[in-house]
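Take a moment with the sequence and the fold before reading on. Then follow the chain from its overall build to a few charged pairs.

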Amino acid sequence: MRVCLASTSPARLMLLRQAGIEPLTRSPQVDEEAVIAAVEAAEERTLAPDEHVLLLARRKAQDVAAALAAESPDFDGIVIGGDSMFELDGDILGKPHRPDVAIARWREMRGRTGILHSGHSVFRLSPGAAPREAHAVAAASVSFAADVTDAEIDAYVATGEPLQVAGAFTVDSLGGAFIERVDGDPSTVVGMSLSTLRHLCRELGITWTDLWSTPAPS
């Protein structure tokens, strides 16, 4: 059973590898801002965080699945798409990109708890058959230490790590020391909920262990 990750996220790739899966990786050609803007304009409302991440996860998986089916008609496996965003008191905090934005975010987040929303989309591709798909959203709350100093924040942001991740933090790397509690599947905060992916695979008739690239240790 082949696996393709519709993402170039190092964190998502690491998660799958740690779970025994060595996927292909493809970068989805999706204009995220344009997709959200078009749907919100058509529906005349603002999408909730869970709707937002689910829509983008599906579009990413759909884009890569279509490209794979065209390039490799004999591809037999799954395509996984994901998207994440962090919510703090109703405000959505995406990737900060700039150091000054990341510093301001961290000063706002310390001592508080927010929710990381993660959308998941799995497309099942089989030669000669129409694609099947399954989708779900996972959420986990993240509580930040109240005693994080300005100097620690400045030093963390200076590493560059928080600039390209939703919410401006990681739980599995340098940012982990500043996080006191995670309620929910911890892998959700890293980038994808492995337990959610397993359930989606079951919906599509796939046994999770069949995705392992190497035998389980004896």
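What follows moves from the whole protein to single side chains.

Keep in mind that this model is predicted. Start with the elements. The protein has 7 helices and 7 strands. Read from the N terminus, they run β-α-β-α-α-β-β-α-β-β-α-β-α-α. The radius of gyration is 18 Å, close to the 17 Å that the globule rule gives for 218 residues, so the protein is as compact as a globular protein of that length. Along the principal axes, the C-alpha atoms fill a box of roughly 55 × 55 × 25 Å.

Of the 218 residues, 45% count as buried. The protein exposes about 10,500 Å², and carbon and sulfur atoms supply 50% of that area. Contacts also reach along the sequence. Take the contacts with a separation of 6 or more: residues 24 or more positions apart account for 70% of them.

Next come the charges. How many salt bridges does the structure hold? There are 14. Three of them are worth a visit.

Begin with Arg 45 and Glu 43. Their closest N and O atoms are 2.9 Å apart, and the two form a salt bridge. Arg 45 has 35% relative accessibility, so it counts as partly exposed. Glu 43 is partly exposed too, because its relative accessible area is 43%.

Move on to Arg 58, which forms a salt bridge with Glu 133. Here the closest N and O atoms are 2.6 Å apart. This pair links distant parts of the chain: Arg 58 sits in helix 3 (residues 49–71), Glu 133 in strand 6 (residues 132–144), and 75 residues separate them. Arg 58 has a relative accessible area of 28%, so it is partly exposed. Glu 133, at 32% relative accessibility, also counts as partly exposed.

Arg 110 is partly exposed at 25%, and Asp 150 is partly exposed at 34%.

Key
Residues numbered from 1 in each chain as written. Predicted model: local features only at pLDDT ≥ 70, side-chain atom pairs only at ≥ 80, totals over all residues. Heavy atoms only, no water. Salt bridge = Lys/Arg side-chain N within 4 Å of Asp/Glu carboxyl O. Buried < 20%, exposed > 50% of the residue type's maximum accessible area, 1.4 Å probe, protein only. Helix = DSSP H or I, 4+ residues; strand = E, 2+ residues; numbered from the N terminus. Rg over C-alpha atoms; globule rule 2.2 N^0.38 Å. Contact = heavy atoms within 4.5 Å. Areas by Shrake-Rupley, 256 points an atom, 1.4 Å probe, with all protein chains shown as cover.
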